[in-house]
Amino acid sequence: LKTGAIVTDVGSVKGVVAAELTETIRAAGASYIGSHPMAGSEQTGPKAAREDLFENAVCVLTPDRQTPSAELAKLDELWRSVGARTMSITADLHDNLAGRCSHLPHIVAAGLANYVLSPAHPPEQQELCATGFRDTTRVASGSPEMWRDISMANRRHLQRVLGVFIEDLQEFQFALERGDEATIMDFFET
């Protein structure tokens, strides 16, 4: 690496990448600062590219305490130049938050698609899956390899947020069992 180079990535999990790369890159006289543009879709590869992909998207930068502010400013400028809105947080906080708002929804969408579209159900089941189902499960058609890797890389945070989500679903299930209209109404209002 050229001395003074700034290395970044665009992966969905930051903690494991930072742990693996930061010291090696610093030893070479360069800096690693993670980036995660919160943009894209379930489609992958060059054919999914769009010139406005980063326009108005949040791009998370994950500097650590030793990141020089001038280098962080350069990376921030790069992302803003392609239309992104940047925010800087720690890699661990990023992985915690992305686990809830990005990784968990993919797991839930895939679980819902796997359950509803199971061959164990009558063939009429698929005929009833209209726009609401499609909108809810669209992201489940993303790359299985990529989502396997994301799930494994962020498993510490995902285990916790998935557990909390399951508890919330169980509370809804218990409210159904009790016929508790107020709790059900509160769930949907919230």
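Student: Which residue forms a salt bridge with R148?

Tutor: Bear in mind that this is a predicted model. Look for a side-chain nitrogen of Lys or Arg within 4 Å of a carboxyl oxygen of Asp or Glu. Here R148 pairs with D149, and their closest N and O atoms are 2.9 Å apart. D149 is partly exposed, at 43% relative accessibility.

Student: How many salt bridges does the structure hold?

Tutor: Eight. Take D64 and R26, whose side chains meet at 2.5 Å, N to O. D64 sits in the loop between β4 and α2 while R26 belongs to helix α1, so this pair ties together parts 38 residues apart in sequence. D76 and R80 also form a salt bridge, at 2.7 Å between the closest N and O atoms. Those two are four residues apart in helix α2, so about one helical turn separates them.

Student: Is D76 buried or exposed?

Tutor: Buried means under 20% relative accessible area. D76 has 19%, so it counts as buried. R80, at 46%, is partly exposed.

Student: At what angle do the axes of α3 and α7 cross?

Tutor: Roughly 55°, and the axes come within 9 Å. The two helices are therefore oblique to each other, and the crossing is right-handed.

Student: Which residues in α3 and α7 meet there?

Tutor: Among them are H103, L104 and I107 in α3, and V161, L162 and F165 in α7. By class, the contact has seven nonpolar, four polar and five charged residues.

Notes: Residues are numbered from 1 along each chain as its sequence is written. This is a predicted model: local features need pLDDT of at least 70, side-chain atom pairs count only at pLDDT 80 or more; totals for chains, interfaces and linings use all residues. Side-chain values use heavy atoms; hydrogens and water are left out. Axes are lines fitted to C-alpha atoms, for helices over the stretch in contact, and angles run from 0 to 180 degrees between N-to-C directions. Angles under 35 degrees count as roughly parallel, over 145 as roughly antiparallel, 65 to 115 as roughly perpendicular and the rest as oblique. A crossing is left-handed if the near helix is turned anticlockwise from the far one by less than a right angle, and right-handed if clockwise. Contact means heavy atoms within 4.5 Å. Ala, Val, Leu, Ile, Met, Phe, Trp, Tyr, Cys and Pro count as nonpolar, Asp, Glu, Lys and Arg as charged, and the others, Gly among them, as polar. Buried means under 20% relative accessible area, exposed over 50%, partly exposed in between (1.4 Å probe, protein chains only).
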